[in-house]
Amino acid sequence: MADCIRVPLLLLLMCISSPVHPVRGENAIAVKPLKAENLQNPAGAPGPAAVNPAAAERNPGAGASLPRRRSAGWKLSEEAVCREDLTRLCPKHSWNNNLAVLECLQDKKEETEIAAECNHLLWNYKLNLTTDPKFESVAVEVCKTTISEIKECAAEELGKGYLVSCLVDHRGNISDYQCNQYITKMTSIVFSDYRLICGFMDKCREDINTLRCGSISTGEKDIHSQGEVIACLEKGLVREVEEQPGAHPIKDDCKKSIMRVAELSSDDFHLDRYLYFACRDDRERFCENTLAGEGRVYKCLFNHKFEEAMSERCREALTTRQKLIAQDYKVSYSLAKACKSDLRKYRCSADSNMPRAREARLSYLLLCLESAVHRGRVVSGECQGEMMDYRRMLMEDFSLSPEIVLQCRSEIEGHCSGLHRKGRTLHCLMRVGRGDMGAIDPKCQQALQTLIQEADPGADYRIDRALNEACESVIQTACKHIRSGDPMILSCLMEHLYTEKMVEDCEHRLLELQYFIARDWKLDPILYKKCQGDAARLCHTRGWNETSEMMPPGAIFSCLYRHAYRSVEQGRRLSRDCKVEVQRILHQRALDVKLDPELQRRCMTDLGKWCSEKTEAGQELECLQDHLEDLVPDCREVVGNLTELESEDIQIEALLLRACEPVIQTHCHEVADNQIDTGDLMDCLVLNKHQKEMNEKCAVGVTHFQLIQIKDFRFSYKFKTACKEDVLKLCPNIKKKVDVVICLSTTVRNDTLQDAKEQRVSVKCRKQLRVEEVEMSEDIRLEPELYDSCKQDIKGLCQNVAFGNAQVIECLKENKRQLTQRCHQRIFKLQEVEMVDPELDYQLMRVCKHMIRRFCTESEGKNVLQCLKQNKNSELMDPKCKQMITKRQITQNTDYRLNPVLRKACKADIPKFCQPILNKATPDSELEGQVISCLKLKYADQRLSPDCEDQIRVILQESALDYRLDPQLQIHCTQEVHTFLLLYTHYCKIC
């Protein structure tokens with residue numbers, strides 16, 4: 001037993017002539033009386049004067065006032081120096097039982113309660129009990145069965161005082177009741193004074209003196225102060241572990257002794273004398289009904305450590321013991337006992353020769369057993385209950401983690417001092433880690449990440465007391481349908497982030513915790529359960545409690561979500577269950593860029609440069625998307641990838657969906673529940689952007705999404721899916737969506753005009769291309785070149801006109817004569833396209849929507865305007881639509897190129913008769929009706945071709961009914977027309 005602490009032979013007063021009487025109280029024992037011949041007190045019996053030479057040398061004069069040898073039936077109660085204390089403090093029925101007297105007197109906490117002479121008598125008596133080998137026979141008799149069962153104890157040589165030491169060491173394995181109680185009582189006496197623990201003083205003498213932990217001479221310190229020596233050594237050990245300034249390195253042998261003493265006192269808090277005296281009142285206050293033994297009182301006190309009524313001295317003693325448990329789990333009796341078989345089953349047990357080895361640390365035990373639980377292995381309910389208690393303990397008190405104390409010292413002093421209790425300091429550090437309160441040291445960040453993995457609050461939110469208290473009201477209202485402690489509670493809270501049900505404190509605590517959970521995919525237990533197979537197959541992950549230093553935070557989840565949205569053709573997709581979980585987390589974490597480790601890491605510089613003022617939920621990502629072209633390549637890539645995913649799964653935009661709920665319920669409910677992988681929901685929202693149910697937040701969000709899509713054709717999922725091959729073939733090296741649309745549209749238009757036998761753009765792409773073109777026509781901002789060319793004109797001429805519904809474009813058309821040259825050219829090109837394809841004329845199609853259904857259902861899209869013109873004067877024609885048709889007719893008559901029917905009919909006539917006009921024309925400006933006027937003159941001479949003549953006749957007829965349809969008349973007769981209108985108005989008033 002070289003590596004264990006030797007507890008010398010300690011005998012109860014069962015060895016004296018009178019039998020041991022039962023002692024009342026929680027630690028009372030009833031020992032069967034031994035035979036008289038074994039109970040006789042031989043010469044030299046352990047009375048007070050029977051002090052061995054070594055003891056006398058260490059304690060000169062200790063027994064000077066004590067009587068000489070007593071008879072075999074000597075009793076402590078007969079000693080005059082203790083009689084007054086005994087009468088005053090101990091019940092009368094205990095007076096005949098030396099053990100009961102000893103237990104009664106040694107547990108008195110105040111020095112003034114017991115006379116100094118009595119204290120010395122008690123100490124010498126206990127010393128005699130622990131040093132006389134003649135009484136080993138009692139242990140042999142009481143523990144006969146136990147000794148035979150414990151091989152180490154059976155092998156001990158009798159007569160040297162080591163047998164009882166062995167039994168104390170193995171008392172956790174003693175099943176015999178009498179032996180167990182006997183050894184327990186002996187242990188309580190031994191632990192009352194560190195000098196009675198054989199070997200302890202020899203191994204720790206130097207450290208005791210160096211640390212000034214107290215005197216090793218009886219008489220200089222009262223017996224009740226001796227527990228303070230061990231407490232002082234324990235604190236010294238903690239300071240060394242935490243690398244506190246000025247910490248003294250304790251010798252290894254002493255360290256082992258300290259930890260072993262802590263372990264041996266783990267079942268009964270009476271054995272930790274310093275803690276016992278520090279917490280006696282608190283025990284009565286909080287744990288009065290808690291039975292002693294099996295670590296129950298410790299646990300009860302731990303649970304009340306942060307109560308306001310808890311004394312500071314007790315709280316300090318409890319914290320020290322918790323820190324020892326963090327160093328060696330065996331210092332917790334209940335945890336070591338409950339998890340013993342599970343530790344062995346899953347090979348988590350520590351080497352008994354290395355009590356402070358890595359494997360003995362509480363963190364290693366928790367990680368090892370949590371790994372088993374997360375892998376679906378069976379860990380006993382009792383062990384899991386103990387694990388939860390200690391995981392909660394780690395989250396409540398940051399000081400129990402030496403790495404936090406060491407690595408986060410400056411952060412605590414700078415930002416988080418004075419917040420020690422109930423996990424507040426830890427959450428403050430987590431807030432610093434998020435970057436909400438300045439920079440954090442990487443070592444502190446890593447220490448926090450490690451602690452979160454050890455405590456594993458993602459598996460049960462109740463472990464995080466600060467979060468639990470802050471979110472209690474939200475859980476009771478928004479998540480009441482979920483069983484308490486279920487991991488889905490955290491998911492539920494995330495789903496209600498930034499909603500009316502969320503409260504501010506809960507929001508802060510939740511985001512602080514989720515920041516660290518987001519950096520290790522394993523800390524979301526549901527995700528880990530559903531995706532561990534996929535992660536191992538696709539992302540080369542390791543075990544739950546193994547982390548690769550080379551893997552950046554969030555890398556595994558990034559790998560998973562990239563595979564979640566792969567097509568069947570791309571292969572290597574996620575399993576269905578895993579994909580659902582990945583999408584769930586993506587939807588939740590998109591609310592805050594800090595919950596996306598890869599995005600935050602790659603975009604830290606750009607976030608500071610472009611988005612430092614964007615503090616509202618979701619604004620940072622929108623800001624990065626708005627500045628996509630300005631971002632550094634790494635950031636642009638990750639923002640682009642996320643935006644591409646959004647186009648496929650719009651539920652990632654949780655805030656947008658909440659804002660658009662009324663529109664979705666009214667117009668898009670059919671696709672809302674089944675839109676993943678299709679992009680249908682966003683298409684529906686775009687289509688219904690101007691419905692009465694559309695609110696400003698939703699409209700702004702949808703428009704922003706459209707504006708982002710034009711930056712890259714990949715950001716439009718349906719367009720990308722339908723046209724990817726066409727783009728690669730016909731428009732290589734073109735990335736911007738608007739440029740891709742123009743490229744493909746031009747190809748379609750050219751193939752159509754040239755009557756190509758086969759269209760180069762596929763049918764599915766042409767269909768989606770039409771959708772994209774119509775969407776782009778709704779808002780000038782969706783056509784960047786047009787918008788950039790006309791920004792100044794918009795500011796000057798249309799500043800009060802709202803974007804959307806093509807209203808700004810219509811405003812520019814109406815003020816075409818006042819536009820700058822650059823803008824004028826762009827508007828002309830736009831009108832040319834719209835006249836060829838009226839379906840792209842958003843205002844026309846919107847205003848005349850019902851009239852098109854009434855009159856033009858059988859007309860092709862390109863003939864819609866022609867059809868409307870033919871029915872313009874019908875009594876059933878809507879006045880607003882009629883007005884819009886007239887506007888388009890005026891536009892067509894300004895330039896033959898804006899009238900595709902006329903252009904086709906007069907294809908040969910125009911160059912034949914009007915070439916001089918064409919020679920003066922510029923490609924992007926109107927001819928102001930000059931060509932049509934030229935054709936009118938030739939019409940009068942009857943020189944036009946029949947088809948051209950028919951078209952000019954129609955124009956003449958229409959112009960006769962509305963002078964505005966004749967541009968030349970407007971140009972040359974503007975003043976006259978104005979004067980005539982004034983006179984006409986005046987005449988009408990007179991009439």
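User: To start, is Asp841 buried or exposed?
Analyst: Asp841 is buried, with a relative accessible area of 3%. Buried means under 20% relative accessible area, exposed over 50%, and partly exposed in between, with a 1.4 Å probe and protein chains only. Please note that this is a predicted model, in which local features need pLDDT of at least 70 and side-chain atom pairs count only at pLDDT 80 or more, while totals for chains, interfaces and linings use all residues. Residues are numbered from 1 along each chain as its sequence is written, and side-chain values use heavy atoms, with hydrogens and water left out.

User: Where is Asp841, and which residues does it touch?
Analyst: Asp841 sits in the loop between α46 (821-836) and α47. Not counting residues up to four places away in sequence, Asp841 touches Lys813, Glu834 and Arg888. Contact means heavy atoms within 4.5 Å.

User: How many helices and strands does the protein chain have?
Analyst: The protein chain has 57 helices and 0 strands. Helices (H or I, at least four residues) and strands (E, at least two) are DSSP runs, numbered from the N terminus.

User: And what share of the chain counts as buried?
Analyst: Of the 991 residues of the protein chain, 54% count as buried. As for contacts in the protein chain with a separation of 6 or more, 65% are accounted for by residues 24 or more positions apart.

User: Turning to disulfides, how many are there?
Analyst: The count comes to 26 disulfides, a disulfide being a pair of cysteine sulfur atoms within 2.5 Å.

User: Which cysteine does Cys539 pair with?
Analyst: Cys539 forms a disulfide with Cys559, and their sulfur atoms are 2.0 Å apart. The link of Cys539 and Cys559 is left-handed, with -90° about the S-S bond. Cys539 lies in helix α30 (residues 525-539) and Cys559 in helix α31 (residues 555-564), so the pair ties together parts that are 20 residues apart in sequence. Cys539 counts as buried at 7% relative accessibility, and Cys559 is buried with a relative accessible area of 10%.

User: What about Cys848 and Cys881?
Analyst: Cys848 and Cys881 form a disulfide with their sulfur atoms 2.1 Å apart. The link of Cys848 and Cys881 is right-handed, with 110° about the S-S bond. This pair links distant parts of the chain, 33 residues apart: Cys848 is in the loop between α47 (842-847) and α48 (849-855), and Cys881 is in helix α50 (residues 879-894). Cys848 is buried, with a relative accessible area of 0%, and Cys881 is buried, with a relative accessible area of 0%.

User: Where do Cys611 and Cys623 lie?
Analyst: A disulfide joins Cys611 to Cys623, S to S 2.1 Å. Cys611 is in the loop between α33 (597-610) and α34, and Cys623 is in helix α34, so the pair is described as linking distant parts of the chain, 12 residues apart. Both Cys611 and Cys623 are buried.

User: At what angle do helices α34 and α35 cross?
Analyst: The axes of α34 (residues 619-626) and α35 (residues 633-648) come within 10 Å and cross at roughly 110°. Axes are lines fitted to C-alpha atoms, for helices over the stretch in contact, and angles run from 0 to 180 degrees between N-to-C directions. That makes α34 roughly perpendicular to α35; angles of 65 to 115 degrees count as roughly perpendicular, under 35 as roughly parallel, over 145 as roughly antiparallel and the rest as oblique.

User: Which residues make the contact?
Analyst: Leu621, Leu624 and Gln625 of α34 meet Cys635, Val639, Leu642, Thr643 and Glu646 of α35. The residues of this contact divide into 5 nonpolar, 2 polar and 1 charged. Here Ala, Val, Leu, Ile, Met, Phe, Trp, Tyr, Cys and Pro count as nonpolar, Asp, Glu, Lys and Arg as charged, and the others, Gly among them, as polar.

User: A new topic: which residues is Gln588 in contact with?
Analyst: Leaving aside its neighbours within four places in sequence, Gln588 is in contact with Ser491, Met494 and Glu495. The C-alpha atoms of Gln588 and Glu495 are separated by 6.2 Å, and these residues are 93 residues apart along the chain. Gln588 is in helix α32 (residues 576-589) and counts as buried at 7% relative accessibility.

User: Finally, what is phi of Asn733?
Analyst: Phi of Asn733 is near 70°, a positive value in a residue other than glycine. Asn733 is found in the loop between α41 (717-730) and α42 (737-753), and is exposed, with a relative accessible area of 83%.
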